[in-house]
Amino acid sequence: VVPIRWATGILTKQTLAHVHGLPTAITPAAAAHAAPEPIDPAGFARVWSHRQGGYDTARVAAVGDTAAAFAAAVLHLHGNASAWVEISAAAARFAKSGGGGQGVCPEALRRDVEAFWAVMEETACFVR
């Protein structure tokens, strides 16, 4: 459940939920700051399909743009087993969708951190 009204940067809580295949009920602000790319206002995003070797579109979150709609999205996921399963599976695929299927998977994150530290070691931050 990501009930934020504004955001900057990537939302870690939401990203980790997607990585672990947990469905999310989010606001439009959270949708705009999803990783690996924004989710549209209806909860749909591009997801990588290894079978197709390309992207398709799937509902990866339940989005509510008002307090009542957000509450309805939470209750929909809680009370509808098929929606829970469908959005959970799509969210896990979504998390792995960036970079042609690399996404925010642990290996891609490790490479990003290593690249960041390599740059940091070349800056004044680590002058010896």
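Predicted model: local features only at pLDDT ≥ 70, side-chain atom pairs only at ≥ 80, totals over all residues.
The chain has 128 residues, and 39% of them are buried.

The chain holds 6 helices and 4 strands. Read from the N terminus, the elements follow the order α-β-α-β-β-β-α-α-α-α. Contacts between residues at least 6 apart in sequence were also examined. Of these contacts, 55% join residues at least 24 apart.

Two of the strands form a hairpin, E2 and E3. Strand E2 covers residues 44-49, and strand E3 covers residues 54-59. Their pairing is antiparallel and runs over 6 bridges. Between the two strands lie 4 residues. Gly53, in the turn, has a positive phi of about 70°.

Attention then turns to open space. Rolling a probe the size of a water molecule over the atoms shows where empty space is left. The largest pocket holds about 160 Å³ of space. Helix H2 (28-32) and helix H3 (67-79) are the elements that each give two or more residues to its lining. The lining includes Pro3, Ile4 and Arg5. Thr27, Pro28 and Ala29 also line the largest pocket. Gly64, Asp65, Thr66, Ala67 and Phe70 complete the lining. By class, the lining has 6 nonpolar, 3 polar and 2 charged residues. Among the charged residues are Arg5 and Asp65.

Definitions and conventions: Residues numbered from 1 in each chain as written. Heavy atoms only, no water. 1 Å grid on protein atoms, 1.4 Å probe; cavity = no way out; pocket = protein on both sides within 12 Å on 5 of 7 lines; lining within 4 Å. Points joined across faces, edges and corners; volume = space filled by probe spheres on them. Pairing = 2+ DSSP bridges. Buried < 20%, exposed > 50% of the residue type's maximum accessible area, 1.4 Å probe, protein only. Contact = heavy atoms within 4.5 Å.
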